[in-house]
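My notes follow the structure.

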Amino acid sequence: MKSKPFIRTLFWIVFSLLLVLGFDQFFLRVPQQHPVMHTIRQFYLDFRTRLFHLGSQPKPISVETLIEKEERRQPSKAVSPPQKTGEPSYFYADDRSELNFVDSL
């Protein structure tokens with residue numbers, strides 16, 4: 001008599017796994033024409049990729065690699081600070097992380 005709940009539980013586990021596998025294959029293989037479905041498919045593919053890479057260790061970044069990347073970047077134009085006039089000067093960083101100096105806010 002105890003085998004009936006076990007078989008029922010096993011059936012629902014297998015059924016759920018097959019349903020998830022079916023949705024997975026649907027989003028992987030079927031091209032979506034509707035913009036909303038295309039967005040959902042893109043989200044799912046990105047989520048699936050991140051989920052599979054969750055357990056893997058990222059490649060360590062060394063200091064030398066960061067220095068080489070910085071040296072390869074285009075050198076930006078140098079901005080000199082304004083001459084000291086006794087008044088406070090202000091500066092801000094723009095979207096390229098360059099410092100810009102201004103006289104007032």
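Helices (H or I, at least four residues) and strands (E, at least two) are DSSP runs, numbered from the N terminus.

I noted that this is a predicted model, in which local features need pLDDT of at least 70 and side-chain atom pairs count only at pLDDT 80 or more, while totals for chains, interfaces and linings use all residues. Residues are numbered from 1 along each chain as its sequence is written, and side-chain values use heavy atoms, with hydrogens and water left out.

**Entry 1: the chain.** I found 3 helices and 2 strands, in the order α-α-α-β-β along the sequence. I looked up burial and got 6% of the 105 residues as buried (buried is under 20% relative accessible area, exposed over 50%, partly exposed in between; 1.4 Å probe, protein chains only). For contacts (heavy atoms within 4.5 Å) between residues at least 6 apart in sequence, 2% join residues at least 24 apart.

**Entry 2: α1 against α2.** At what angle do α1 and α2 pack? I read about 115° for α1 and helix α2 (residues 35-52), with the axes 9 Å apart. That makes α1 roughly perpendicular to α2 (65 to 115 degrees; under 35 is roughly parallel, over 145 roughly antiparallel, the rest oblique). On the α1 side I listed D24, F26, F27, L28 and R29, which meet M37, I40, R41, Y44, L45 and R48 in α2. I sorted the residues of this contact into 7 nonpolar, no polar and 4 charged (Ala, Val, Leu, Ile, Met, Phe, Trp, Tyr, Cys and Pro count as nonpolar, Asp, Glu, Lys and Arg as charged, and the others, Gly among them, as polar).

**Entry 3: D24.** I placed D24 in helix α1 (residues 3-29). D24 counts as buried because its relative accessibility is 10%. Its side chain makes polar contacts with the side chains of Y44 (2.4 Å) and R48 (2.8 Å). A polar contact is a pair of N or O atoms within 3.5 Å; within protein, one must be able to donate a hydrogen and the other to accept it, and residues adjacent in sequence count only if both atoms are side-chain atoms.

**Entry 4: F26.** I checked F26, also in helix α1, and recorded it as partly exposed at 33% relative accessible area. F26 touches Q32 and M37, not counting residues up to four places away in sequence. Its C-alpha atom is 9.3 Å from that of R41, 15 residues apart along the chain.

How values were computed:
Axes are lines fitted to C-alpha atoms, for helices over the stretch in contact, and angles run from 0 to 180 degrees between N-to-C directions.
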